[in-house]
Amino acid sequence: MSKPYHHGALRSALIEAGVALARDGGPDRVILREVARTAGVSHSATYRHFADREALLAEVAARARGELAAEMSRRIARAGDPRRRLQAVGTAYIDFALNQPGLFRTAFGVHAVTAEPEPHTGGTNPYEILGHVLDQAQSAGLLDPKRRPGAEIAAWSTVHGLACLLIDGPLPTDPAAIEFAVGRVHELIDRGLLDHQPGT
């Protein structure tokens with residue numbers, strides 16, 4: 001039996017159902033019929049708010065990126081300086097991939113490229129957060145202005161690559177191996193982008 005939803009509440013319920021399915025099995029689980037069943041409404045009800053699966057999946061991907069952005073922001077708030085904030089961003093990204101692989105794959109899958117961040121994310125997304133941290137590093141004199149253009153691409157590509165290698169293989173995922181791999185990636189980004197005093 002279909003649940004009674006107000007117009008706006010149904011759209012939110014469908015997105016939440018899609019997020020739950022993506023969390024469990026990635027973007028391939030986000031199927032309109034299954035989303036409708038999870039939300040407790042008829043299949044046809046989904047078309048009142050989403051033209052097709054791609055439209056719903058874009059919203060689910062935006063919500064997934066919002067969760068990652070929120071975790072990044074929490075880690076940054078606990079970091080003391082721009083260097084540690086940059087490391088916090090990378091660690092949050094990798095931890096999210098390991099702890100929420102379904103959402104991670106949905107957030108950055110082929111359906112995610114045109115999606116806009118959800119309003120509850122505060123108008124930020126992981127890429128914008130990374131950019132803000134790099135701006136802080138530049139303001140603090142840790143990042144040469146000449147290295148600033150494209151720094152997001154270099155840092156994000158490195159961290160994203162490690163995240164994918166950890167959740168999809170072939171890198172080992174025991175705690176010691178993860179800690180070692182993350183440390184090496186942080187060192188690579190730090191040495192490649194940030195300025196160092198002699199002997200550091």
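Gly 18 is buried, at 0% relative accessibility; buried means under 20% relative accessible area, exposed over 50%, and partly exposed in between, with a 1.4 Å probe and protein chains only. Gly 18 sits in helix H1, residues 7-25. Helices here are DSSP runs of H or I with at least four residues, strands are runs of E with at least two, and both are numbered from the N terminus. The model is predicted, and local features need pLDDT of at least 70, side-chain atom pairs count only at pLDDT 80 or more, and totals for chains, interfaces and linings use all residues. Residues are numbered from 1 along each chain as its sequence is written, and side-chain values use heavy atoms, with hydrogens and water left out.

Beyond its neighbours within four places in sequence, Gly 18 is in contact with Val 30, Val 35 and Val 60. Contact means heavy atoms within 4.5 Å. The C-alpha atoms of Gly 18 and Thr 38 lie 8.4 Å apart, across 20 residues of sequence.

Pro 27 and Leu 57 are separated by 30 residues in sequence, yet their C-alpha atoms are 7.3 Å apart. Neighbours within four places aside, Pro 27 contacts Arg 53, Leu 57, Gly 102, Arg 105 and Thr 106.

The protein as a whole has eight helices and zero strands. Its pattern along the sequence reads α-α-α-α-α-α-α-α. Of the 200 residues, 44% are buried. Among contacts between residues at least 6 apart in sequence, 71% join residues at least 24 apart. The accessible surface comes to about 10400 Å², and carbon and sulfur atoms hold 55% of that. Areas come from the Shrake-Rupley method with a 1.4 Å probe; for residues, only the protein chains shown count as cover.

Two helix pairs involve H7. Helix H7 (residues 151-168) packs on helix H8 (residues 175-193) at an angle of about 170°, with the axes 11 Å apart. Axes are lines fitted to C-alpha atoms, for helices over the stretch in contact, and angles run from 0 to 180 degrees between N-to-C directions. H7 and H8 are therefore roughly antiparallel. Angles over 145 degrees count as roughly antiparallel, under 35 as roughly parallel, 65 to 115 as roughly perpendicular and the rest as oblique. From H7, Ala 151, Ala 155, Thr 158, Val 159, Leu 162 and Leu 166 take part. They meet Ile 178, Ala 181, Val 182, Val 185, Leu 188, Ile 189 and Leu 193 of H8. This contact has twelve nonpolar, one polar and no charged residues. Ala, Val, Leu, Ile, Met, Phe, Trp, Tyr, Cys and Pro count as nonpolar, Asp, Glu, Lys and Arg as charged, and the others, Gly among them, as polar.

Between H7 and H8 lies the loop that holds Pro 170. The peptide bond from Gly 169 to Pro 170 is cis, with omega near 5°.

The axes of helix H4 (residues 82-99) and H7 come within 9 Å and cross at roughly 25°. H4 and H7 are therefore roughly parallel. Their crossing is right-handed. H4 contributes Gly 90, Tyr 93, Ile 94, Ala 97 and Leu 98. H7 contributes Trp 156, Val 159, His 160, Leu 162, Ala 163, Leu 166 and Ile 167. The residues of this contact divide into ten nonpolar, two polar and no charged.

Notes
A crossing is left-handed if the near helix is turned anticlockwise from the far one by less than a right angle, and right-handed if clockwise.
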